[in-house]
Amino acid sequence: MIPLGIAMSNAKADTWITEELLALMAGQQPLFIIGLLFLTTMVLSSVVSNNATAIIMAPIGISLASGLSLDPKPFILCVMFAANFSFFTPLGYQTNALIYSMGIYKFKHFLVIGGTISVVLWIVGTLLLSAML
């Protein structure tokens, strides 16, 4: 997935996404911005591996922070945590896929239990990371 991140940078796709996000988030509180980046990264990580998600979203988070004149460290940490906190599907992480393939758990179990855990981690992560700004 590293070549995809490089290709996004070379094609200026990350710049375009950042510009659209900056236009959407103009005048918003840092809490909202961190929360939206966290949620977007978690949702992407539910269908793509966590490593690929981090490679795709890290440049976007850094560009977003610099475009808003904020410290990039909480944005990088936001992407790092959110890419690994996606528990609501068995698709994004290998261990979840192994457990799902054994037949013990159904997709609804991931949605209910993993979704609850993901929401709690989203709220706690957003509050803690926005406190760093």
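Okay, let's start with charge: the protein chain carries 4 positive and 4 negative side chains, and the centres of those two sets sit 21 Å apart. For that count, Lys and Arg are positive and Asp and Glu negative, with His and the chain ends not counted. Each charge is placed at NZ of Lys, CZ of Arg, CG of Asp or CD of Glu.

A word on what we're looking at. This is a predicted model, where local features need pLDDT of at least 70 and side-chain atom pairs count only at pLDDT 80 or more, while totals for chains, interfaces and linings use all residues. Residues are numbered from 1 along each chain as its sequence is written, and side-chain values use heavy atoms, with hydrogens and water left out.

So, the overall picture. The chain has 7 helices and 0 strands, which are DSSP runs numbered from the N terminus: helices are H or I with at least four residues, strands E with at least two. Along its principal axes, the C-alpha trace spans about 50 × 35 × 20 Å.

Of the 133 residues, 33% count as buried. Buried means under 20% relative accessible area, exposed means over 50%, and partly exposed is in between, using a 1.4 Å probe and protein chains only. Now contacts, meaning heavy atoms within 4.5 Å: among those between residues at least 6 apart in sequence, 72% join residues at least 24 apart.

Let's zoom in on aspartate 14, over in helix H2. Buried or exposed? Aspartate 14 is buried, at 9% relative accessible area. Leaving aside neighbours within four places in sequence, aspartate 14 touches Met8, Ser9, Pro59 and Ile60. Its C-alpha is also 9.8 Å from that of alanine 58, which is 44 residues away along the chain.

Leucine 24 is in helix H2 too, residues 13–25, but leucine 24 is exposed, at 54%. From leucine 24 to tyrosine 100 is 76 residues in sequence and 37 Å in space, C-alpha to C-alpha.

Rings of Phe, Tyr and Trp (its six-membered ring) pair if their centres lie within 6.5 Å; planes under 30 degrees apart are stacked, over 60 edge-to-face, and the rest tilted. One of the pairs is phenylalanine 81 with phenylalanine 85, stacked at 5.9 Å centre to centre with 10 degrees between the planes. Phenylalanine 81 is partly exposed at 32%, and phenylalanine 85 is partly exposed at 21%.

Then there's tyrosine 100 with phenylalanine 110, edge-to-face, 6.1 Å between centres and 70 degrees between planes. Tyrosine 100 lies in helix H6 (94–101) and phenylalanine 110 in helix H7 (107–131), so the pair ties together parts 10 residues apart in sequence. Tyrosine 100 is partly exposed at 36%, whereas phenylalanine 110 is buried at 9%. Ring pairs link Tyr100, Tyr105, Phe107 and Phe110 into a cluster.

Last stop, serine 69. Most residues other than glycine have a negative phi. Serine 69 isn't a glycine, yet its phi is positive, about 55 degrees. Where is serine 69? In the loop between helix H4 (50–67) and helix H5 (72–84), and serine 69 is exposed, at 67%.
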